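I opened this model to look up its fold, its charged side chains and its pocket. My entries are kept in the order in which I looked.

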Amino acid sequence: GPFATTRTRLMRAVVTTAIVVLGVALAVGGFRGFQFSLDMLLGAGVVLVPSGWVALSLTAERSALSPLWLGLARYGLATVGFAVLFALRPGSEPLAVLAGSAIALLLPSALIARSKWPGQ
């Protein structure tokens, strides 16, 4: 389809971010422990799952939602994800969840900005 290249770039950024977060969480886990690493991964997942969904939905040939609604849905789903995370794991380390979610929020944009678009 017309958005295949865009979809690939967005999904590559999301997957690369997941791999980076996993590596950072494992490294930090060596110092802070398994629970801290798990909380980092869960915080990143709360952001990356809706981001991946938006990347796939936004670039679908027949997207039923406008980009504005998809963006609102992304942040709405992340908000619900954080609520569910802290309801199911009330002992989660807020710093770890914040660190994982911050990496997951910022890194995909940086990766896309640094990569070259075809024809450039």
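The entries below go from the overall fold to single residues.

**Entry 1. Fold.** I noted at the start that the model is predicted. I looked up the secondary structure and found four helices and zero strands. Along the sequence the pattern reads α-α-α-α. The chain has 120 residues, and 28% of them count as buried. I then took the contacts between residues at least 6 apart in sequence; 73% of these join residues at least 24 apart.

**Entry 2. Salt bridges.** How many salt bridges does the structure hold? I found one. The partners are Asp-39 and Arg-89, with 2.7 Å between the closest N and O atoms. Asp-39 sits in helix H2 and Arg-89 in the loop between H3 and H4, so the pair ties together parts that are 50 residues apart in sequence. I checked the accessibility of both ends. Asp-39 has a relative accessible area of 2% and is therefore buried, the cut-off for buried being under 20%. Arg-89 is at 24% relative accessibility and counts as partly exposed.

**Entry 3. Ser-92.** I stayed in the loop between H3 and H4, where Ser-92 also has its place. Is Ser-92 buried or exposed? Its relative accessibility is 6%, so I logged Ser-92 as buried. A polar atom of the Ser-92 side chain lies 2.9 Å from the backbone oxygen of Arg-89. I next listed the contacts of Ser-92, leaving aside neighbours within four places in sequence, and got Asp-39, Leu-85, Phe-86 and Val-97.

**Entry 4. Arg-74.** I turned to an arginine in helix H3, which spans residues 67-88. Arg-74 is buried and yet has no salt bridge. Which side chain of opposite charge is nearest to Arg-74? I found Asp-39, 20 Å away. A salt bridge needs the side-chain nitrogen within 4 Å of a carboxyl oxygen, so I ruled out this pair. What the Arg-74 side chain does have is a polar contact with the side chain of Ser-51, at 3.0 Å. Not counting residues up to four places away in sequence, Arg-74 touches Pro-50, Ser-51, Val-54 and Leu-105.

**Entry 5. Largest pocket.** I looked up the largest pocket and noted about 270 Å³ of space in it. Its lining has 15 residues; those nearest the centre are Leu-10, Ser-51, Val-54, Arg-74 and Pro-108. Helix H1 (4-32), helix H2 (34-58), H3 and helix H4 (94-114) each give two or more residues to the lining. Which element gives the most? H4 does, with five residues. I marked that the polar contact from the previous entry, Arg-74 with Ser-51, joins two of the residues listed nearest the pocket centre.

**Entry 6. Leu-10.** I followed up one of the residues nearest the pocket centre. Leu-10 is part of helix H1. Its relative accessibility is 23%, so I put Leu-10 down as partly exposed. I took the C-alpha separation of Leu-10 and Gly-52 and got 7.9 Å for a pair 42 residues apart along the chain.

- Arg-7 is in helix H1 and counts as partly exposed at 28% relative accessibility. Its C-alpha atom is 8.2 Å from that of Leu-58, 51 residues apart along the chain.
- Leu-26 is found in helix H1 and counts as exposed at 59% relative accessibility. Leu-26 and Leu-41 are 15 residues apart along the chain, with 9.4 Å between their C-alpha atoms.
- Gly-71 lies in helix H3 and is partly exposed, with a relative accessible area of 26%.

Conventions: Residues numbered from 1 in each chain as written. Predicted model: local features only at pLDDT ≥ 70, side-chain atom pairs only at ≥ 80, totals over all residues. Heavy atoms only, no water. Buried < 20%, exposed > 50% of the residue type's maximum accessible area, 1.4 Å probe, protein only. Lys, Arg positive; Asp, Glu negative; His and termini not counted. Polar contact = N/O pair within 3.5 Å; in protein donor to acceptor, adjacent residues only side chain to side chain. Contact = heavy atoms within 4.5 Å. 1 Å grid on protein atoms, 1.4 Å probe; cavity = no way out; pocket = protein on both sides within 12 Å on 5 of 7 lines; lining within 4 Å. Points joined across faces, edges and corners; volume = space filled by probe spheres on them.
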